[in-house]
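Please look over the sequence and the structure first. The paragraphs after them go through a few features in turn.

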Amino acid sequence: ADALAGATSLQRSNLYLRLSWEHDGWQPSVDVLYHPADGGHLWTLGLLHQGDRLRLQTGVRLAGGPVDAVLRQLPRSRQVFVSLVRSF
């Protein structure tokens, strides 16, 4: 919370776009969160695979925009994530 204390633009009016498709159990996706008030943006590129017993989800998330944008005040501007779930 301290990192966001100096932020002057905690806006509620945002734009969220998602593009995804599915083919043979694979689902790539692109998500964008845009803050028009301060020009900040958050991109998430993901890949999901759903099998009979395994579910794999992976991706990368990138925050950007002007230096004073709220999303640029986050502690990490780049994140990689991986999740593996096995049913039994």
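Contact here means heavy atoms within 4.5 Å. By that criterion, and leaving aside neighbours within four places in sequence, V82 is in contact with L56, Q57 and T58. This is a predicted model, in which local features need pLDDT of at least 70 and side-chain atom pairs count only at pLDDT 80 or more, while totals for chains, interfaces and linings use all residues. Residues are numbered from 1 along each chain as its sequence is written, and side-chain values use heavy atoms, with hydrogens and water left out.

V82 lies in strand 5; strands (E, at least two residues) and helices (H or I, at least four) are DSSP runs numbered from the N terminus. From V82 to G59 the C-alpha to C-alpha distance is 6.8 Å, although 23 residues separate them in sequence. The relative accessible area of V82 is 62%, so V82 is exposed. Exposed stands for over 50% relative accessible area, buried for under 20%, and partly exposed for values in between (1.4 Å probe, protein chains only). V80 is also found in strand 5, and its relative accessibility of 68% counts as exposed.

Both valines belong to a nonpolar surface patch of about 500 Å², which L54, L56 and L84 complete. Patch residues have over 30% relative accessible area and no salt bridge; nonpolar side chains (Val, Leu, Ile, Met, Phe, Trp, Tyr) are joined within 5 Å, like charges within 9 Å. The areas come from the Shrake-Rupley method with a 1.4 Å probe, and for residues only the protein chains shown count as cover. Strand 4 (54-64) and strand 5 (78-86) each supply at least two residues of the patch, with the largest share, three residues, coming from strand 5.

What about charged side chains? A salt bridge is a side-chain nitrogen of Lys or Arg within 4 Å of a carboxyl oxygen of Asp or Glu. The whole structure holds one salt bridge. Its partners are R18 and D31, at 2.8 Å from N to O. Because R18 lies in strand 1 (residues 15-20) and D31 in strand 2, the pair ties together parts that are 13 residues apart in sequence. R18 is partly exposed, at 48% relative accessible area, whereas D31 is buried, at 9%.

D38 sits in the loop between strand 2 (26-35) and strand 3 (40-50). D38 is buried yet has no salt bridge, and the nearest side chain of opposite charge, R72, is 10 Å away. For charge, Lys and Arg count as positive and Asp and Glu as negative; His and the chain ends are not counted. The D38 side chain does reach the backbone nitrogen of V70, at 2.9 Å.

Conventions: Polar contact = N/O pair within 3.5 Å; in protein donor to acceptor, adjacent residues only side chain to side chain.
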